[in-house]
Amino acid sequence: MIKVLCYTIKTANTPLSIAARGFATSGILNENHKCKLLVVGGGAGGCSVAAKASNKLGAGKVIVLEPADNHYYQPMFTLIGGGIKKLEDSFRPMKSVLPALATWIKDSAAKFEPESNTVHTSGGDTIEYEYLLVAVGLQLNYDKIPGLLEALSIPNGKVCSNYSPKYVDRTYQALKNFRTGNAVFTFPNSPVKCPGAPQKVLYIAEHYLRKSRKRKNAQLHYNTSLPVLFGVKHYADALWEIVKKRDINVNLRTNLVEVKPGTDEAVFENLDKPDERFTVKYELLHVTPPMGAPDVLKACKSLVTEVGFVDVNKDTLQHQKFSNVFAIGDCSSSPNSKTAASVAAQSQVVYKNLMAVMEGRTPNRVFDGYASCPLVTGYNTCMLAEFDYSLTPLETFPLDQRKERFTMYLMKKDFMPPLYWHLLLNGLWNGPGLMRKLMHFRL
């Protein structure tokens, strides 16, 4: 028997040169691909597990389906918005971060058919798999807020957003242009990637205004759809002290519903009183866009929950219905905070459970819901929040991590990026679990 686990069948007689890592698709010919493991998405989770799996399975057994030319280290966007890092610091060419032993098909998923172990691409190709890992992340829905895209298209404008490489440079420019009035920061009524990020830009902006001697002319407002300042009370209590000390107005259960760029006004709704709306004049408006599962996932009802996330067991990250399907990262239904740190902790669980299923064993690795959020509170301080599914602190260091520290700021700014590029994406970093045990070891 010939054991070919990843190959291509051309559907036309015209010659076509197929190269891995970026040239595996054609705009002219449709192709049928087969593989042992298909990874849909070349973000942190997709790269990490693809690296582990291709090292185990060998060359040509893993396909990564990913349309982007560049891979962004998204946690750096907070620092870019504050003028601490440059946009060019935050990305690498996609071909340089995907595992060398995997085949890169530079295209996106157009349709999932888990019943037939098939994914169709936007370019018209078909990929048949034995096992599937869904790692497509979250979709940014800027268009869901009327007037927002128009406001973000105004050159040198007052509306900004750290969540997209397309807009992140606008934040620092808006800070530099700020003179007097309201600086408003939002948190949408939807799931978000890195729920601490909407606050990080708030604290950095407040510090910037102090440093530039414009703070006395600014009224800072944090309008969040949540009923709390932060989901983990252990850290929320400390954050409340920060906002009080810095005279920041926090409005809970407040959701942005419209932007009026012509008059520099933002319209908000009171989520506890849906008929109640109010308008705020802004000099600076930082918008965290509504987010959700990608449309292509929502369209596959057998694969996802009612709200469109891949329906997995929260412990094993294996699909509830299709045993050969797993999910990792932001597109998963697991109820953890959606952060890069969670992906690191999930990657080993997913990989080990995938290998178990491939070998006919029951997956038994368990994800504890670990999430980490380095809450940058200025140009030289950071609070490191770490917690699990139950929102119980799960801290790495044997010190009070609720305290703002320069050491944590340096870790966020200088240590975490190389860890991401050189270890996490190569499948060599599985989160700080071992370090935590060593740090808290007691004789």
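**Reading helix packing in a predicted model**

Mentor: This is a predicted model. The mean pLDDT of the protein chain is 93, and 93% of its residues reach 70 or more.

Trainee: Over which residues is the pLDDT below 50?

Mentor: That applies to residues 1–27. In the model this stretch has 60 contacts beyond near neighbours in sequence.

Trainee: Which residues does UniProt list for the FAD/NAD(P)-binding domain?

Mentor: The UniProt record, an unreviewed entry, gives residues 36–150 for "domain: FAD/NAD(P)-binding". In the model that span is 23% helix and 33% strand, and its end C-alpha atoms lie 45 Å apart.

Trainee: How are two packed helices described?

Mentor: By the angle between their axes and the distance between the axes. Take helix 1 (residues 44–57) and helix 9 (residues 340–358): their axes come within 9 Å and cross at roughly 40 degrees. The two helices are therefore oblique to each other. The crossing in which helix 1 passes helix 9 is right-handed.

Trainee: Which residues of helix 1 and helix 9 meet?

Mentor: From helix 1, A44, G45, S48, V49, K52, A53, K56 and L57 take part. Their partners in helix 9 are V343, S347, Q348, V350, Y351, L354, M355 and M358. By type, the residues of this contact between helix 1 and helix 9 are 10 nonpolar, 4 polar and 2 charged.

Trainee: At roughly what angle do the axes of helix 5 and helix 6 cross?

Mentor: The axes of helix 5 (residues 169–177) and helix 6 (residues 197–211) cross at roughly 35 degrees and come within 10 Å. Helix 5 passes helix 6 in a right-handed crossing. On the helix 5 side, T171, Y172, L175 and K176 meet V201, A205 and Y208 of helix 6. The contact of helix 5 with helix 6 consists of 5 nonpolar residues, 1 polar and 1 charged.

Conventions: Residues are numbered from 1 along each chain as its sequence is written. This is a predicted model: local features need pLDDT of at least 70, side-chain atom pairs count only at pLDDT 80 or more; totals for chains, interfaces and linings use all residues. Side-chain values use heavy atoms; hydrogens and water are left out. UniProt positions are given in the numbering used here, feature names are shortened, and annotations may be inferred rather than shown by experiment. Helices (H or I, at least four residues) and strands (E, at least two) are DSSP runs, numbered from the N terminus. Axes are lines fitted to C-alpha atoms, for helices over the stretch in contact, and angles run from 0 to 180 degrees between N-to-C directions. Angles under 35 degrees count as roughly parallel, over 145 as roughly antiparallel, 65 to 115 as roughly perpendicular and the rest as oblique. A crossing is left-handed if the near helix is turned anticlockwise from the far one by less than a right angle, and right-handed if clockwise. Contact means heavy atoms within 4.5 Å. Ala, Val, Leu, Ile, Met, Phe, Trp, Tyr, Cys and Pro count as nonpolar, Asp, Glu, Lys and Arg as charged, and the others, Gly among them, as polar. pLDDT is the predictor's confidence in each residue, from 0 to 100.
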